[in-house]
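I opened this entry to record what I looked up, strand pairing to begin with, then the chain contacts and the nonpolar cores.

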Amino acid sequence: MPVTAQHDAPVLRLRGITKRFGSLTANDSISIEAVPGRIHCLLGENGAGKSTLMNILFGLLEPDEGEILLGDKALTLTNPKQAMAAGIGMVHQHFMLIPVFTVAENMVLGHEPGRAGMLDLASARALVRDLSARYKLDVDPDALVEDLPVGIQQRVEILKALAHDATYLIFDEPTAVLTPQEIDELMAVMRTLRDEGRAIIFITHKLREVREVADDITVIRRGKVVGQAAPETSEAELASMMVGRAVDLKVHKAPAQPGDDRLVVEDLVVASPTGAIAVDHLSLTVRGGEIVCIAGVQGNGQTELAEALLGTMRPLSGRVTLDGVDITHSKPVDTIKAGLGYVPEDRHRHGFVGEFSIAHNLVLNNLDEYSKFGALDLKKIRDNAQARIKEFDIRHGGSHDQEVRSLSGGNQQKVVLARELSRPLSLLIASQPTRGVDVGAIEFLHGRIVEERDRGTAVLIVSTELEEVESLADRIAVMYRGRIVGIVPPDTPRDVLGLMMAGVAYDEAVATTKGAPA
Amino acid sequence: MSVDIVPTTVERARVESPESRTQRISTGVLITVIGVLLLWMAFTVDKSGQIALSDAFADVKLPTLDVPGTATVLLSALLVLGAGVGFITGRLSARLRFVAGVAAGAGVLVGFIVWAAASSSLPFTLTSQLNLTLEYATPLLFGVLSGVLAERAGVVNIAIEGMFLTAAFAASLTFSITHSFVAALFAAALAGVMMAGVLALFTLRYLVDHVIIGVVINLLASGLTGFIYQQLVAKNLAAYGTVQPMQAWRVPGLESIPFLGPILFTQKPLTYLGILAVPLVWFLLFRTTWGLRVRSVGEHPHAADTVGINVVWTKASAVLLGGLFAGLGGAYFTVGSVGAFQDNNPTAGNGFIALAAVIMGRWNPVLAALMALFFGFARALAQTTKLMQLPIPSDFIEMLPYLATIIAVAGLVGRVRAPAADGMHFVKSH
């Protein structure tokens, strides 16, 4: 295997980088380095400023202060082309791939082969085949990116970064959308690249991965470097460095005391507007007083299932009952009246009105109660806001009149949950309840969800984060291509869950993992 | 893991979603209603229809067809009804449904033409109908290309009408002064590019909503041309408002091919230019590096940014090139057809019809050009039948192209996928 990166390549240093957006200092005099032959983990919470720093290193943003040095030579990076020319490559958190283009087209975009402005797709395809063979990452050059599963899309993204023979590779939160097996594969790829003499910067907030793969660890909090750590450092220690105080990583809950069946889904079929079957003859029961987690890789029908239960999507067939009442074809106004609380997957678009105040967002689902003769009862709304803010520890800039969009992710999610839990529920559906939420808030949100369960509510959680699924669930339903692959207890080994998330039945998954111990 | 269990592509069963079901049924009902209308029309005629295959000026005279009236219209009506029922019952596969759609379209056309011929004492001249189709489609072809280029780059272009109008005025004024078609077309293209420049500047630099700035450009074009017309042209029509319109250029040799010669090879130079521009734009978009970049900034500008593409300039270049085509299209309304610019809405909504054709053509230059031809055909039909003194008011027939636009956009297009970032602003994010 031809090794092209040199072991004696110079060290890439960021020195005293500061970047401000208005009054927010995203990066405050940060210094880190990328050493060839080592994996450097950049650990920090959402919003700590990791991605901003990497976007500066990749030439997407310009720093207000500080310098970037390659060896002893200062680099000016004002656009990604210069970064790529300097040997820097980046695998982006949100894949920078164009869904309607083929793999080959994506691979050459910006550096197209061909003479006189003509597009030479034959050599683009050859390039993809070359790279695939060289790094043993198999992809079909003619496949449309949108038809590929996310794991393969990430391969394309990695190959794209390697296409310019990058010596310094940035991986920005690369594991967020992968199954455990795919994560293992990715870690192996990262190690191979390191052993070839490349410098890797691995950005993440997942402690387990850091400990597994890092050679060096730098922890960032609120835009500042708060310290270095060795890979042997315990998870609890890393977590407290990241958050700034001791955190409890475990969810404390008593064993579930399930009651009667509350949500019963029978043979449900939901099609996406394009006609693809998203939920495929799915049956599921959630009892009062238990938390059922839907685990699975994003895009396997979880979104459509949640929307069909709420009533924003029309099921094609099947039956849904809540406490015995048929809600199959009910509209959201009716399902909410029937006692359904809903925390949507994308809170910015569907969870709140960003331009409205905290107080108004807290009563959006129950305006009848907070108005008199069609006019808003402002005093009642204000009193409610004060009570909820206290109860849910919503941290704001000083007033309940503050716009929700200006809150941090965790506090926005608290607003959504506070609103949904402000009335008696028979069913709570929460999709990705802690996505983009800081560790401190995760603790709180999980606690509230468990409390709701103990009140006898049926709780259905949709999550792609296995840690969350394992710690919250009383039962795990693994979903793959619109079907439930199996329902398993929360202490099921991760390998088995991973295989099930790729569509392997439980028995077979258990047999496979036993046959090839990790 | 030794076994690769992750599939490399996702394949899923497809069914009909509630949305497409609604659309299928409404399309079916629409086709059925038209079928019933044709059925009724079949019994209003009592003689055969004359369809002429050549006109009085043709070098080669072809026979005039004598088509039975009631029988043909009845047959067409049944064809349309069959297609409509096929849609409603949902028994047709996707391929058959396409065939049924085409059959319904053909049935409506044949049925209406034969009915018109049979209701009139004059023959229906097919050659002049098709010749006029190309003539009327000329500005639409250019407009469609302008729209496709801008929207593929992610800029919503509802300013085609304004570009047309400004260019029409610029062409007229320039021709009056220079008496040169080349200079007039050059001025028209320049006017189109300038209006496109306004669109690019405000959408890309100042991040104004694309639709709002489009409306503003259309109003600006109308105000600007009206003002200069009143202040300059109207005061000295001899110097600034005298245009001899472009004449058809017969392609030597090809013009004498029977039937096709008088349709395809007896057109104005602007029409030939418009037809040639369609494959050119297709080639630019799908076979060049520039085209790949234009499509990438229209789909996912941030991805384009991360590979070092200058997103704003790429978008701007596509919008400006679109402006050039819209300018040439605008020239049709003065030097290309009627002559001097009149301050009476000469472009008559053609920019918006072009926009409809862009959407119906799914942002593909070739499909959109075919849609432009369809609208040209509808307008030509109104013109051809107006002279035949039909038993329906000519105002109604004049309405046909617009009616066709509404039906086509609302009923037959349904869900189409626009470039993903069409109409969105590109701001570098952190």
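This is a predicted model: local features need pLDDT of at least 70, side-chain atom pairs count only at pLDDT 80 or more; totals for chains, interfaces and linings use all residues.

Residues are numbered from 1 along each chain as its sequence is written, with chains lettered from A and ligands numbered from 1 in the order in which they are written.

Strand 13 (residues 291-295) of chain A pairs in the parallel sense with strand 20 (residues 458-463) over five bridges, and four bridges join strand 13 to strand 21 (residues 475-480), also parallel; pairing here takes at least two DSSP bridges. Five of its five residues are buried, that is, with 20 or more other C-beta atoms, placed from the backbone, within 10 Å of their own.

**Chain contacts**

I found 36 residues of chain B in contact with 46 residues of chain A, contact being C-beta atoms, placed from the backbone, within 7 Å. Helix 1 (18-42), helix 11 (289-299) and helix 12 (301-306) of chain B each supply at least two residues of the side of chain B that touches chain A.

**Core**

A:Val478 and B:Ala188 are among the residues that touch the most other members of the largest nonpolar core, which has 255 residues; a core joins buried Ala, Val, Leu, Ile, Met, Phe, Trp, Tyr and Cys residues through C-beta atoms within 7 Å.

Definitions and conventions:
A residue is buried if 20 or more other C-beta atoms lie within 10 Å of its own, exposed if 12 or fewer, and partly exposed in between; C-beta atoms are placed from the backbone. Two residues are in contact if their C-beta atoms, placed from the backbone, lie within 7 Å.
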